[in-house]
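Have the sequence and the 3D view ready.

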Amino acid sequence: MELRKIDLRNFRNYEEISLTFDPGVNLIVGQNAQGKTNLIEAVAYLGSGRSFRAQKQAELIRFGADFADIEGEIFSQERNQTLRWVLFGGGRPRQLWRNGAKKKTAADISGVMSTVLFCPEDLMVLKSGASARRRLGDSALCQLRPNYDAALAEYNRILEQKSRILKDHFDNPAVLEILPEYNARLCQVGALLISYRARFYDSLGLEAAKFHSQFSGGKEEFRLQYRTVSTVSDPFVSVMQLTEDLKAHLESHYRAELESGLCLTGPHKDDFEVSLSGIDLKAYGSQGQTRTAAISLKLAQRELYRREFGEEPVLLLDDVLSELDPARQDFVLNHIKTGQVFITCCEPGKFTELGKTIHIENGMIL
């Protein structure tokens, strides 16, 4: 899997650029706020249709422009392919093309160019709040399983509508008549999310344990535990049974949700925990252990993608190496000797022996 060329128009701070890339390591250098991360974001968006920074599509469009255009030439699935996204402001739907044919959703380009992103925030994700870990899992699963992407979007849509009902019922009690319908649908879609997540986190934890064992010299045992609502005793049971488990949980929180006007429980509160030799990493892990475990998770994610699609995903390291001590830098670099890699860095001379170097200044290629 290789991104050979990318063309950007009006994306973030890029007015118009065209870049070709090395099939191995591509080192993107420049001072802060010049556009290095914007380029990484464009590469990630090209393959997934998702931004790891922006909440709204309009944020990706260059100030003063009406649209943004991202187009790439990719070699994957044993052939040359093209992907193109055109993004609009003002709520107008984006457009997607694959090999010149217009497509409807990101699910239509699954496996064309999967990416694994690693940024400084990910180094401490295991010490952060649950929402950061959910984003990590959701981002990975949306690329691995297009049906999960659709289910997650549907769940969030229903959750938003339920939240509106809970807020409005104080002034208009009649809206509660349709609440059972939304709860039932939330349980059905939520059960799908739990089923997907349980299997993903199980595979991710097993693979991450292998990397962490290498890093620690076998001194620490890595274990990942998925956490969902308390009525789900076994997340690997059938989706039908998970639906019933979720119904029981929502029923037990019905009165509390009405009184608070908030959606208090459900898969939107899910989390996962990591322990090292039985010790909770979030509560007791050192900064070094936390960073090592996070690196193991990202390398494991890359391995799961390779196993699923039969190709190495494109690895994006956004200023992460500068955050690591020499031993951890070496560990990461020793595990990225295959596949295509993009590395952003502020220090031009630090990794000059790696592949192709691209200098960026104020949205321009020097």
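Which residues of helix H10 (residues 326-334) are buried? They are Arg328, Gln329, Phe331, Val332 and Leu333. Here, buried means under 20% relative accessible area, exposed over 50%, and partly exposed in between (1.4 Å probe, protein chains only).

## About the model

This is a predicted model, in which local features need pLDDT of at least 70 and side-chain atom pairs count only at pLDDT 80 or more, while totals for chains, interfaces and linings use all residues. Residues are numbered from 1 along each chain as its sequence is written, and side-chain values use heavy atoms, with hydrogens and water left out.

## What H10 packs against

The buried residues of H10 pack against helix H5 (179-216) and helix H9 (287-309), as well as strand E12 (314-318) and strand E13 (341-345). Helices (H or I, at least four residues) and strands (E, at least two) are DSSP runs, numbered from the N terminus.

## A look at Asn38

Asn38 is part of helix H1 (residues 36-48). Asn38 counts as buried because its relative accessibility is 11%.

Leaving aside residues up to four places away in sequence, Asn38 touches Phe11, Arg12, Asn13, Tyr14 and Arg53; contact means heavy atoms within 4.5 Å. Asp171 lies 133 residues from Asn38 along the chain, and their C-alpha atoms are separated by 45 Å.
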